[in-house]
Amino acid sequence: MSPTPPGRLPLLHPARLSPAQRALYEEITGGPRGDGPQPFALTDPEGRLNGPFNAMLFSPGLGRDLQALGAAIRYRAALPPRVRETAVLVVAAVWDSAFERHAHEPAGRAAGLTDTEVHALREGRDPGFTDPYERAAWSATRVLATPSDPLDDDWYRAAHAALGAAALFELSTLVGYYATLALQLRLFRVPVPEPPGDRALPVKESRP
């Protein structure tokens with residue numbers, strides 16, 4: 001296996017941060033992301049931030065607001081965890097974001113997605129949800145994540161009837177946030193930490 005190419009931004013060591021950077025670092029590592037189980041490591045062995053969070057330190061004022069939006073989506077929105085993680089994985093597939101897959105496939109499994117469902121979402125296929133709400137949310141997210149879709153009135157009426165205005169607001173905010181992260185991850189060539197987060201998937205699995 002070829003070595004992972006370096007990212008375009010240096011990883012900032014916590015001992016060498018400015019006061020504003022240090023405050024943001026502590027908000028990220030000491031907030032809800034740092035509590036409880038983590039689907040991916042927030043920091044490397046030297047304490048440097050992984051994923052999109054290191055880039056936020058280069059503009060700590062804006063980075064603080066961006067990470068706060070992500071925390072609100074993840075910890076304060078009303079979307080059920082399976083729906084939330086499904087939506088993130090839809091965005092990861094549309095943007096082909098390796099880091100978002102690395103971070104959110106484990107989070108999706110922890111939220112109750114099966115390996116079969118995760119595999120389908122990774123490939124942009126129908127995950128086969130049988131719950132009407134989950135299926136409507138998956139379908140709506142695919143449309144929201146596709147910039148060329150016209151979001152016409154017929155689509156909106158059907159999506160609103162199935163999900164409601166609050167869920168559509170939350171889903172559209174989630175899509176915008178994770179698309180922003182996917183763009184920044186691509187711009188700065190943020191590598192996926194080793195070892196790779198991808199897991200072997202069984203051929204068949206029944207839903208628990």
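1. Start with Q67 and what sits around it. Leaving out residues up to four places away in sequence, Q67 touches L24, E27, I28, R33 and M56. Bear in mind that this is a predicted model. One of those partners, R33, also makes a polar contact with Q67: their side chains are joined at 2.6 Å.

2. Where does Q67 sit? Its place is in helix α3, which covers residues 60-75. Q67 counts as buried because its relative accessibility is 5%, and the cut-off for buried is under 20%.

3. On to the overall fold. Take the contacts with a separation of 6 or more: 71% of them are between residues 24 or more positions apart.

4. Now the core. The largest nonpolar core has 45 residues, and L163 and Y178 have the most contacts inside it. Helix α9 (residues 165-187) gives this core its largest share, 10 residues. As a general point, nonpolar side chains tend to be buried together in soluble globular proteins.

5. Y178 deserves a line of its own. What does Y178 contact, leaving aside its neighbours within four places in sequence? The list is I73, V88, V91, E100 and H104.

6. Last, the surface. Of the chain's 208 residues, 43% count as buried. The chain exposes about 11,000 Å², with carbon and sulfur atoms supplying 58% of that area.

Notes
Residues are numbered from 1 along each chain as its sequence is written. This is a predicted model: local features need pLDDT of at least 70, side-chain atom pairs count only at pLDDT 80 or more; totals for chains, interfaces and linings use all residues. Side-chain values use heavy atoms; hydrogens and water are left out. Buried means under 20% relative accessible area, exposed over 50%, partly exposed in between (1.4 Å probe, protein chains only). Contact means heavy atoms within 4.5 Å. Accessible areas come from the Shrake-Rupley method with a 1.4 Å probe; for residues, only the protein chains shown count as cover. A nonpolar core is a set of buried Ala, Val, Leu, Ile, Met, Phe, Trp, Tyr and Cys residues joined through side-chain atoms within 4.5 Å. Helices (H or I, at least four residues) and strands (E, at least two) are DSSP runs, numbered from the N terminus. A polar contact is a pair of N or O atoms within 3.5 Å; within protein, one must be able to donate a hydrogen and the other to accept it, and residues adjacent in sequence count only if both atoms are side-chain atoms.
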